[in-house]
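User: I would like to go through this model with you. Could we begin once it is displayed?
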Amino acid sequence: MKLIWSCQVAEPKVRGVLGSLFSFVFIIGIFLINSVGSYVSIHTAALIFLVLPVIFVIIFFKMPESPYFYVMKSDFSKAEKCLQVLRRKRHVERELTTLVNDINRQMSEPGRYKDLFVIQSNRLACMVMFGLRIIQQLSGTSPISLYMQIIFEKSTDIMSKDLASILIFGLQLSVNFTAVLIVDKIGRKPLLITSCLGCSMILTTMSIYFILQDHTNLNLASLNFVPLVGIVLFTIFFAIGQGNVVNLMMGEMFSSSIKAKASCLMNILFAIFMMLTTKLFQLTSDYFGMYVPFLFFAICQLLGVAFSYFVVPETKGKSLEEIQQELKKS
């Protein structure tokens, strides 16, 4: 819902920045829990971070509704006041009129779950977002994050596994912040293509390293930096595109009448593929070797390059209504 809210209230030229902040603060949370959790017990870490949801509940009471919500409820006076606060100017009549017209058109469409697949524009948006969400998880990001310390423990002794994981998530935080700043300048498609291609190359390199480690007698002592450097580079390429753009586009691709239901389905899909890829990593690495899941994810990322180039539309600089009209014409 945070993504939906930020995409609704933001102007096209800054929507990418606001929508990308969700991924950025998500990584902040992972970085903090890894940093603290590496040096205290799980019980202590849980008590420390219990403070944050309490603070969130208190602050969230002041969270304003979006102008979209008020227009959908036909409360135009509150919608106007909300726009005045968000835009920091008094005269917002033109934008409010455009907003009302756009939302009335979008809300005239049915908003049932089956309409995600019956209406052409929704069906195309579903195809794009289903594909991006699946490709995102088939990068291996979830199992690599969860098994990161085990990967380091089995493959390299260049630094401690605790320090290495903190380094990785700290780097991901920095790259994610950079992605927030450039997503509205470079565009969604170039970042996705670069991300998928870079991840595929890094995963292939790591797969070759594990093949040499497990199935040859070569002395790889001089190359024991490969897993650490590989995961560092993987983190960079993933964060600039898939870790950021996929979440952003979730709030851009669907009309107001169906956006909440689409978001619900995408979250379910995310959870399913997160579980599947994590179990796949564990089973294939245990029974066949660490190289198998890395090679599988590398191939999936190559498919992601093609999908991003041929199927994913560019939404940079376009209003939500313009995106919907283009989907209807496609």
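User: In which helix is isoleucine 59 found?
Analyst: This is a predicted model, and isoleucine 59 is found in helix H4.

User: Is isoleucine 59 buried or exposed, and why?
Analyst: Isoleucine 59 counts as exposed because its relative accessibility is 58%, and the cut-off for exposed is over 50%.

User: Which residues make the nonpolar surface patch?
Analyst: Ile59 belongs to that patch, together with Leu47, Leu50, Val51, Leu52, Val54, Ile55 and Ile58. The patch covers about 750 Å². Helix H4, residues 51–60, supplies the largest share of the patch, namely six residues.

User: What does leucine 132 touch?
Analyst: Leaving aside residues up to four places away in sequence, leucine 132 touches Leu192, Val246, Met249, Phe307, Ser308 and Val312.

User: Where does UniProt place the feature "transmembrane region"?
Analyst: The unreviewed UniProt entry places it at residues 12–33, 39–61, 163–183, 190–212, 218–241, 262–282 and 288–312.

User: How much helix is there over residues 262–282, and over residues 288–312?
Analyst: Residues 262–282 are 100% helix and 0% strand, with end C-alpha atoms 30 Å apart. Residues 288–312 are 80% helix and 0% strand, with end C-alpha atoms 35 Å apart.

Terms used: Residues numbered from 1 in each chain as written. Predicted model: local features only at pLDDT ≥ 70, side-chain atom pairs only at ≥ 80, totals over all residues. Heavy atoms only, no water. Patch = residues over 30% accessible without salt bridge, like charges linked within 9 Å, V, L, I, M, F, W, Y side chains within 5 Å. Areas by Shrake-Rupley, 256 points an atom, 1.4 Å probe, with all protein chains shown as cover. Salt bridge = Lys/Arg side-chain N within 4 Å of Asp/Glu carboxyl O. Helix = DSSP H or I, 4+ residues; strand = E, 2+ residues; numbered from the N terminus. Buried < 20%, exposed > 50% of the residue type's maximum accessible area, 1.4 Å probe, protein only. Contact = heavy atoms within 4.5 Å. UniProt positions renumbered as here; feature names shortened; annotations may be inferred.
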